[in-house]
Amino acid sequence: MKATFINFRNLSFSIIILLALAKMDVFAQNQTELLKSKNPYDATIFPNETVTYQNPVIPGFYSDPSICRVGEDYYLVSSTFEYFPGVPIFHSKDLVNWEQIGHCIHRKEQLPDGVNIFAANIRYRDGIFYMITTNVNGFGKGNFYVTATNPAGPWSNPIWIDQKLQWIDPDFFFDDDGKSYVIASNFELFEIDLETGKLLNEGRKIWYGTGGRALEGPHIYKKDGFYYLMAAEGGTEEAHSETIARSSSVWGPYITYKNNPILTHCNQAGQMYEIQGVGHADIIQAHDGSWWMVFHGYRKIDRNVHFILGRETCLAPVTWPKNSWPIVNGNGTVQSNMTCSTLPLKPFSEKSAKTDFNEAKLGLGWNYIQLPVDENYSLSERPGFLRLIGASNNISPIESPIFIGESGSPTFVGRRLQHHNFTATTSMEFYPENENEEAGITLVNNGVSFRLMVEKIGGERYVTVKLDFGMITHKSEKKLLKPGPVKLRIQGETTTFAFSFSQGDDDYQIVETINSKFLSSESVGGYTGVYVGLYATGNGKASKAMADYDWFEYVKDEMLVPSVTF
């Protein structure tokens, strides 16, 4: 009896196991079918639809975009931090194609103590454009605005705002009754006198956000009798998002939208898209009545979080029913290839990829690090060439580049990288007199530089690659140069930078190849993207040698890029 009982017990146990395995198999099959089905959180994408435009609409480091409309013309500004001229202004007829027309900070006298321009905002009223922003440098923090009747400039000297407004990301709101208001990232609202910058009240805290960290970037809009207050939350990395609230009074109380955030990729719906970190947005109603949002996001170069181009300006359609809330692109996510209807597209003519330095001044796409020392740059001393004379300062200072001021401005002029795959080439004549002198072409981000340079060692000229991380420096094997000009080239292929040179009709020789993640924002810090540019330095002493650049060429190696001209 005992043996029979044991066999029955084993049989029962076996049946239970078989039933469990069968159930698990059915569960697994169901899960497989679920995995094959579309993620219900994804926006519906129809692969056969025509791509109408691509994001980013302004590629490269153009972060914190703000927009206004005058008739059928659209104007957009972005942050610039330590670069001068500051706050580029773009013009568009269709919100997709943009052309740079000027800078809001274009004279040294506007900010003579140096620049560190955080988020900029642009608004328009009664024939006047207003650009309001914050300058954060070694001399303190201050909010100011400049004005212009022509957005291409000239722009006025700053009107400084009462120091009660001590937060970044200030924004104007002009109400229908003629009153003007200003709000910043502490979300205290003030009425302001636009003539003087004087605040007319003590301010009132009107919203605390939804609880996300780094609440910033406020904008107020009025629609259907409601005041809508939009903000960026979550920090400007992968958790970035846009949230919104509304009130029947500009002073509040503001009721938070229950379906916040209205834009984010820090969820299942957006986690696999090429563009991440979306946020810091502004909304505009187009002249045809449609609504649109501009915002920034970044494109990663690997499966981790590294990005090198900075935070780039993107565009998304917005549905905003009467008395309701704005819905961004259906579910609050945005693709690189957009298939929505647009305004009639009006692209600008493509500018030449090559700069011959035959003009009296550099184009709008070129920038300096801080306020330049003018005598170190010339387009006239040798016609057809850009002449640089090296300052004692290096382009990779131990201290942050945002604090170095005019006396510490390095001899550097460059433009933003706008593509992961690119080729930047220049032809240079440089005959250093001393071993401390160097010149060449460089990639730079937040004071960290990767330089393809010419230097003098033991009476001979050599080309080498120098990676300068402030207190850490690495130099590649040096290559002996023949007499005469040298062509210097940097090629990007998403995850790598290759540095090469050539003389005469010789083929290019690669000197060094570097993983591009070491120049990413995650590696070097800061809020900018990578620049490529031309430089000269005396490495602690003023240089005597002149570096003459015959031409510079930047070629995008990616297909289907937006139409942006400078």
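**Figure 1. Confidence of the predicted model.** This is a predicted model, in which local features need pLDDT of at least 70 and side-chain atom pairs count only at pLDDT 80 or more, while totals for chains, interfaces and linings use all residues. Residues are numbered from 1 along each chain as its sequence is written, and side-chain values use heavy atoms, with hydrogens and water left out. The average pLDDT (the predictor's confidence in each residue, from 0 to 100) is 90 for the protein, and 87% of the residues score at least 70.

**Figure 2. The open sheet β11-β12-β13-β14.** Helices (H or I, at least four residues) and strands (E, at least two) are DSSP runs, numbered from the N terminus; two strands pair if DSSP finds at least two bridges between them. Four strands form this open sheet, with antiparallel pairing. Its edge strands, β11 (171-174) and β14 (204-205), each pair on one side only.

Figure 3. Leu-194 lies in the loop between β13 (188-191) and β14. With a relative accessible area of 11%, Leu-194 is buried (buried means under 20% relative accessible area, exposed over 50%, and partly exposed in between, with a 1.4 Å probe and protein chains only). Apart from residues up to four places away in sequence, Leu-194 touches Arg-125, Tyr-130, Tyr-145, Ile-159, Phe-172, Phe-174 and Ser-180. Its C-alpha atom is separated by 9.9 Å from that of Val-182, 12 residues apart along the chain.

**Figure 4. Strand β33 and its partners.** Eight of the nine residues of β33 (residues 460-468) are buried. Strand β32 (residues 448-457) pairs with β33 in the antiparallel sense over nine bridges, and Glu-460 in β33 is the bridge partner of Ile-457. Two residues lie between the strands of this hairpin, where Gly-458 takes a positive phi near 60°. β33 also pairs in the antiparallel sense with strand β34 (residues 473-475), over three bridges; here Asp-468 stands opposite Thr-473. The hairpin of β33 and β34 has four residues between the strands, and Gly-470 takes a positive phi near 80°. A further antiparallel pairing, over two bridges, joins β33 to strand β35 (residues 479-480), with Val-463 opposite Lys-479.

**Figure 5. Ser-241 in strand β17.** Ser-241 belongs to strand β17 (residues 241-247) and is buried, at a relative accessible area of 7%. Leaving aside neighbours within four places in sequence, the contacts of Ser-241 include Ala-231, Glu-233, Pro-261, Leu-263 and Val-278.

**Figure 6. Salt bridge between Arg-123 and Asp-282.** The side chains of Arg-123 and Asp-282 meet in a salt bridge (3.1 Å, N to O), a term for a side-chain nitrogen of Lys or Arg within 4 Å of a carboxyl oxygen of Asp or Glu. Because Arg-123 lies in strand β7 (residues 121-125) and Asp-282 in strand β20 (residues 275-285), the pair ties together parts that are 159 residues apart in sequence. Both residues, Arg-123 and Asp-282, are buried. By this rule the count comes to 24 salt bridges.

**Figure 7. Salt bridge between Arg-382 and Asp-548.** A salt bridge (3.1 Å, N to O) joins the side chains of Arg-382 and Asp-548. The pair links distant parts of the chain, 166 residues apart: Arg-382 is in the loop between β27 (377-378) and β28 (386-389), and Asp-548 is in strand β40 (residues 546-556). Arg-382 is partly exposed, with a relative accessible area of 26%, whereas Asp-548 is buried at 5% relative accessibility.

**Figure 8. Salt bridge between Arg-451 and Glu-438.** The side chains of Arg-451 and Glu-438 meet in a salt bridge (2.9 Å, N to O). Arg-451 lies in strand β32 and Glu-438 in strand β31 (residues 438-445), so the pair ties together parts that are 13 residues apart in sequence. Arg-451 counts as buried at 0% relative accessibility, and Glu-438 counts as buried at 3%.

Technical notes: Contact means heavy atoms within 4.5 Å.
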